[in-house]
Amino acid sequence: MSAIAPMPGLSATTEDEARAVIARVDALSTHHDIEQAGVRVRWRRFGPADGGAHPPLVLLHGGHGSWMHWLRNAEALSAERALWLPDMPGFNDSGTPPPPAPDEHPLAPSLAALAGSLDALIGAGTPIDLGGFSFGGVVASQFALHRRAVRRMLLVGSGGHGTMRRMAVEMINWRLAQDREAERAALLHNLGALMLHDMSRADPLAFEIHDIACHGTRFRSKEVSRRGGLQAALAEIPGPKLFLWGEFDVTADSRALVARLVAEGPQREGAVVDGAGHWVQYERAEEFNRRVADFLDR
């Protein structure tokens, strides 16, 4: 198992400190803007210049998200490998994809832009390890079918499973807020309703990541996540798979779902992280990083 890098300075008590943390982690990456299929995709590359001894790791963020969904994981997971984090088409620093054709999968334009831009950066057919969080899990499953050459796959609180959610608190439409104070209150409410179990983890850094991502979202992901199809896609994707969910993830009955996904195919393993909600890689970052590094290195 690889050594896990510490996470120094990944906390904040003020908005200014949160922005400084984001800037510090971002500065560890190189930015790559690639236009493919008419869409500009912003990729951030972390890790050793020579790429390390492992296949590149590609992680896809969730809906109303950005590369910063992995902010507390980027340093640890790139210690010995190249880590590629995109802002997917329609999110944050990337361009907006065109609508799909009537007979296309709703993700088709995004997949063409993602796969084409990644191939331009690392070479077509280069094997990768691939992960996705929430809506990004749905995208990852379709991306693997579209591009192939996936060695290992990681799904974190993935959407698309078609089972019942267990939301106990209604979300608030922050876009209807009359002023910034009300908007901030709605966004903080939603952070607790959906993303985090322990609201003591909703520090200024978590809020800043969520705030920036929500304002930068131009793609409607909910319909795609609720469309289902995750299990059918996974059945066609070879190789080892790891399923990670938070114990209190409100998007699914996590223990039952992980057990079901593991039982449905070979080379599958899963874990439920105690005390975590949906955004498990932020809320329990150190445990998450250890589990993922162990899986990738085997």
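The lining of the largest pocket in this predicted model comprises 12 nonpolar, 19 polar and eight charged residues. Of its 39 lining residues, His64, Met171, Leu194, Ser221 and Lys222 are the closest to the centre. Helix 5, helix 6 and helix 7 (222-225) each supply at least two residues of this lining.

The second largest pocket holds about 160 Å³ of space. Its lining consists of 13 residues, and those closest to its centre are Gly192, Ala193, His197, Phe248 and Val250. By class, this lining has eight nonpolar, four polar and one charged residues.

Attention may now turn to the packing of the helices. Two packed helices are described by the angle between their axes and the distance between the axes. Helix 5 (residues 180-195) and helix 6 (residues 204-215) pack at an angle of about 110 degrees, with their axes 10 Å apart. Helix 5 is therefore roughly perpendicular to helix 6. On the side of helix 5, the contact is made by Arg180, Glu183, Arg184, Leu187, Leu188, Asn190 and Leu191; helix 6 contributes Ala206, Phe207, His210, Asp211, Cys214 and His215. Six nonpolar, three polar and four charged residues form this contact.

A further pair is helix 3 (residues 108-122) and helix 4 (residues 135-147), whose axes come within 10 Å and cross at roughly 60 degrees. The crossing of helix 3 past helix 4 is right-handed. Here Leu111, Ala112, Leu114, Ala115, Leu118, Asp119 and Ile122 of helix 3 meet Val139, Gln142, Phe143, His146 and Arg147 of helix 4. The residues of this contact divide into eight nonpolar, two polar and two charged.

Definitions and conventions
Residues are numbered from 1 along each chain as its sequence is written. This is a predicted model: local features need pLDDT of at least 70, side-chain atom pairs count only at pLDDT 80 or more; totals for chains, interfaces and linings use all residues. Side-chain values use heavy atoms; hydrogens and water are left out. Axes are lines fitted to C-alpha atoms, for helices over the stretch in contact, and angles run from 0 to 180 degrees between N-to-C directions. Helices (H or I, at least four residues) and strands (E, at least two) are DSSP runs, numbered from the N terminus. Angles under 35 degrees count as roughly parallel, over 145 as roughly antiparallel, 65 to 115 as roughly perpendicular and the rest as oblique. Contact means heavy atoms within 4.5 Å. Ala, Val, Leu, Ile, Met, Phe, Trp, Tyr, Cys and Pro count as nonpolar, Asp, Glu, Lys and Arg as charged, and the others, Gly among them, as polar. A crossing is left-handed if the near helix is turned anticlockwise from the far one by less than a right angle, and right-handed if clockwise. On a 1 Å grid over the protein atoms alone, a cavity is a set of points where a 1.4 Å probe fits but cannot get out, and a pocket is an open set with protein on both sides within 12 Å along at least five of seven lines; lining residues have an atom within 4 Å of a point. Grid points are joined across faces, edges and corners, and a volume is the space filled by probe spheres set on the points.
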